[in-house]
Amino acid sequence: MSLYDTVLGIIFFSQTGVGVLGNSLFLCFYVFTLFSSHRSRLLDPILAQLTLTNTIVLLSQGCPLVNFYFGNIYFLGNLGCKMVFYFQRMSRGLAVCTTCLLSIFQAVTISPSSSRLAKHKVRVLKLISPSCLLCWIFNVIIEVNVPLHITGSRRINSNHTGGFEVLYCYWETKLKGKIILPFLRDILCVGGMVWASGYIIVLLYRHQRKVQHIHCTSHSQKTSPEIRATQTILLLLSIFVSAYCISCSFALYKVYGTDSGDWLVVVSIFTSLCFPTISPFLLIHRDTQIFRSCCASWQKPSLHS
């Protein structure tokens, strides 16, 4: 095992471990807050689904790379590659759809009463849970053909032709023509994120101008929980879209470019894992309800002592 492989193994092991730990912590905090306050916020189902999706992405992409770079190259056979690659594609699509839902529903939530969205706000917000379920069903079905064209590595299947190696698995060229629906899904979802982000930014700008004179005369500069949550979601969207575009650029160059080096796959996967690693810590840091619930529970024993 070379120094290069050892360094990459440590990098992906650290990234996967930290990401899974962060998402597990957020899920624990979410469940604790739900049971301690006995109330759920509108976007909590989407955030919980996003956290679960992040965990699947990290485990399905990070764990195989850790095994690969620590010397266990032939740990996946044909069946293993089919299962792992299917979960990778399905969870990636689910992350795109869930993040798009988060941005659109947040835009609807903060829309002013004078806007067109406000007329349908109650009706739209009732669709949060069904939309989350629909995301799962849609992505489970749309990627069902992926395992048919993924096999074990060329290192153990020397008869592979017409495709390219994806480190520990082999991607047949025939799969190129079967990614139209996932491509359209990604374009629509990213477009929805961009629209929702632009709408949210405009609303925040208008809100800031309206309350600017209040801030000038008041000593308190505290931001309301609604604005703080909206800023957090905007930050999440910017990180997701940036990581998604960079990862897709390297992946497309790997598929259609002349350079078939493994470094393209490494950079693409590392970039795609940045969002599921960072997002839970960002949510925990900026979620005031989590801290209020935890502080309240810690203070209860001291009040009775």
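Reply: The account below begins with one proline and then turns to the helices around the chain. The model is predicted. P147 lies in the loop between α6 and β1, the latter covering residues 150-152. Is P147 buried or exposed? Its relative accessibility is 19%, and because buried means under 20%, P147 counts as buried.

Leaving aside neighbours within four places in sequence, P147 is in contact with K82 and Y86. The C-alpha atoms of P147 and L79 are 8.6 Å apart in space, although 68 residues separate this pair in sequence. Helix α3 runs over residues 78-109. This helix has 32 residues, and its first and last C-alpha atoms are 46 Å apart, close to the expected 46 Å. Of the 32 residues of α3, 24 are buried, so that the helix is mostly covered.

On the α6 side the contact is made by F138, N139 and I142, and on the α7 side by L181, P182 and R185. By type, these residues divide into 4 nonpolar, 1 polar and 1 charged.

An unreviewed UniProt entry places the feature "transmembrane region" at several spans, among them residues 90-112 and 183-205. Residues 6-35 and 265-284 are also included in that record. In the model, residues 6-35 are 100% helix, with end C-alpha atoms 43 Å apart. Residues 265-284 are 95% helix, and their end C-alpha atoms lie 30 Å apart.

How values were computed: Residues numbered from 1 in each chain as written. Predicted model: local features only at pLDDT ≥ 70, side-chain atom pairs only at ≥ 80, totals over all residues. Heavy atoms only, no water. UniProt positions renumbered as here; feature names shortened; annotations may be inferred. Helix = DSSP H or I, 4+ residues; strand = E, 2+ residues; numbered from the N terminus. Expected span 1.5 Å × (residues − 1). Buried < 20%, exposed > 50% of the residue type's maximum accessible area, 1.4 Å probe, protein only. Contact = heavy atoms within 4.5 Å. Nonpolar A, V, L, I, M, F, W, Y, C, P; charged D, E, K, R; others polar.
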